[in-house]
Number of protein chains: 2
Amino acid sequence: MSETPFPIAIGADHAGLPLKLVLQQALAEAGHPLLDCGTNATASVDYPDFAHAVCAAVLDGRASFGVLVCGTGIGMSIAATRHAGIRAAVLHSTTEARLTRAHNDANVAAFGARLVGPEVALDALRAFLDTAFEGGRHARRLAKLAPNAIPANG
Amino acid sequence: MSETPFPIAIGADHAGLPLKLVLQQALAEAGHPLLDCGTNATASVDYPDFAHAVCAAVLDGRASFGVLVCGTGIGMSIAATRHAGIRAAVLHSTTEARLTRAHNDANVAAFGARLVGPEVALDALRAFLDTAFEGGRHARRLAKLAPNAIPANG
């Protein structure tokens, strides 16, 4: 999927499991070392448990990027973005994938297994991993992501 | 857009301004008191400034929901979700809008003005405002959104 096979952490809930299996097979075939944070069963589980495990791996350097899958991708993206240092984007297209890497330096890609099909998700994930952050004015904006940037009378 | 005209805070960056104008006109026509957090000019601005202002209004009760618009919606959703108590969803469809209210109790709707057209965004916003949170197992998952839910060896 990209020239350097950097490590990737992947996780999903029960709704995301089928798409997780597709994505992790493609990542493995592309040579990426994978940190599989589960779930690997169909029993109902709580998506934040898997989001936190994947984010911990990205934040401590075991993984360069994280991939998360749930029904819509939204719950996973919220749980992931709660972590300072994690910027999660729900991807529906290569366009979103390219723009969020270039502009937001997103480091977690989230997918909705009930909303996007595997080929669309695979193309978006490839675009995500192949796009570099542009820096510049976008870096200034990332520095303002912390809530303490709220103006006192905001 | 819904039976009770609860107050809504709205904000956008320069890329989101055209869609913000469409959404705020529709919300006003539906009778919602609006807290306009800007921007209202075409000059380049930093999206987190507007996300933080809208989230502050939701968190202190001046607004029941927040609406944010940037180029993709993703930067806004990341900046908003950094706030404990804010759950932001980027909306591309009525399906996402319905599911994220029902399952994630999302309280901020984010839109990408460069990716979705105004009619699609309006339908999604109406579905968002018209859908109630389901509670139950979904409430248990929301309680796990905080990063301190990371297991020590996660």
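**Figure 1. The buried side of helix α5 in chain B.** In α5(B), the buried residues are B:Ala121, B:Leu122, B:Ala124, B:Leu125, B:Ala127, B:Phe128 and B:Leu129. Their cover includes β1, α1, β3 (65-70), α4 (94-104) and β5 (108-112) of chain B. How far apart are the end C-alpha atoms of this helix? They sit 18 Å apart, which agrees with the 18 Å that 13 residues (118-130) should span at 1.5 Å a residue. Bear in mind, here and in the other views, that this is a predicted model.

**Figure 2. The two chains as a whole.** Start with confidence: chain A has an average pLDDT of 94, and 94% of its residues score at least 70. One stretch to treat separately is residues 150-154 of chain A, where the pLDDT is below 50; leaving aside near neighbours in sequence, this stretch makes six contacts in the model. For the complex, the predictor reports an ipTM of 0.93 and a pTM of 0.94. Turn chain A by 180°, with a shift of 0.0 Å along the axis, and it lands on chain B with an RMSD of 0.0 Å. The two copies are thus related as by a two-fold rotation axis. Which residue of chain A comes closest to that rotation axis? That would be A:Arg82, with its C-alpha at 2.7 Å. Both copies use the same surface to meet, as 100% of the contact residues of chain A recur in chain B.

**Figure 3. Helix α2 of chain B, mostly covered.** Eleven of the 13 residues in α2(B) are buried. The list runs B:Tyr47, B:Pro48, B:Phe50, B:Ala51, B:His52, B:Ala53, B:Val54, B:Cys55, B:Ala56, B:Ala57 and B:Val58. What do these buried residues pack against? Part of the answer comes from the other copy, namely α4 (94-104) and α6 (137-142) of chain A; the rest is β1, β2 (34-36), β3 and α3 (74-81) of chain B. From first C-alpha to last, this helix (residues 47-59) reaches 18 Å, close to the 18 Å expected at 1.5 Å a residue. Just after α2(B) comes B:Gly61, with a positive phi of about 90°.

**Figure 4. Helix α3 of chain A, largely enclosed.** Here eight of the eight helix residues (74-81) are buried, so α3 of chain A is largely enclosed by the rest of the structure. Look for A:Ile74, A:Gly75, A:Met76, A:Ser77, A:Ile78, A:Ala79, A:Ala80 and A:Thr81.

**Figure 5. A buried aspartate without a salt bridge.** B:Asp13 sits in the loop between β1 (8-12) and α1 (17-29) of chain B. Although B:Asp13 is buried, it has no salt bridge. Which side chain of opposite charge is nearest to it? A:Arg141 is, but 5.9 Å away. Setting aside residues up to four places away in sequence, B:Asp13 touches B:Thr39, B:Val45, B:Tyr47, B:Val69, B:Cys70, B:Gly71 and B:Met76.

Figure 6. In chain A, the bond joining A:Gly38 and A:Thr39 is cis, with omega about -10°. A:Thr39 belongs to the loop between β2 (34-36) and α2 (47-59) of chain A. Over in chain B, the B:Gly38 to B:Thr39 bond is also cis, with omega near -10°, and B:Thr39 is in the loop between β2 and α2 of chain B.

Figure 7. The whole structure holds 18 salt bridges over all chains. In one of them, A:Asp46 and B:Arg140 meet at 2.7 Å, N to O. A:Asp46 comes from the loop between β2 and α2 of chain A and B:Arg140 from helix α6 (residues 137-142) of chain B, so the pair joins two chains.

**Figure 8. A salt bridge within chain A.** A:Arg87 pairs with A:Asp105 in a salt bridge, the closest N and O atoms being 3.4 Å apart. This pair links distant parts of the chain, 18 residues apart: A:Arg87 is in the loop between α3 and β4 (88-90), and A:Asp105 in the loop between α4 and β5. A:Arg87 counts as buried, at 13% relative accessibility. A:Asp105 is not a glycine, yet its phi is positive, near 50°.

Definitions and conventions: Residues are numbered from 1 along each chain as its sequence is written. Chains are lettered from A and ligands numbered from 1 in the order in which they are written. This is a predicted model: local features need pLDDT of at least 70, side-chain atom pairs count only at pLDDT 80 or more; totals for chains, interfaces and linings use all residues. Side-chain values use heavy atoms; hydrogens and water are left out. pLDDT is the predictor's confidence in each residue, from 0 to 100. Contact means heavy atoms within 4.5 Å. Copies are superposed by least squares on the C-alpha atoms of residues with pLDDT of at least 70 in both. Helices (H or I, at least four residues) and strands (E, at least two) are DSSP runs, numbered from the N terminus. Buried means under 20% relative accessible area, exposed over 50%, partly exposed in between (1.4 Å probe, protein chains only). Lys and Arg count as positive and Asp and Glu as negative; His and the chain ends are not counted. A salt bridge is a side-chain nitrogen of Lys or Arg within 4 Å of a carboxyl oxygen of Asp or Glu. The expected span of a helix is 1.5 Å times one less than its number of residues.
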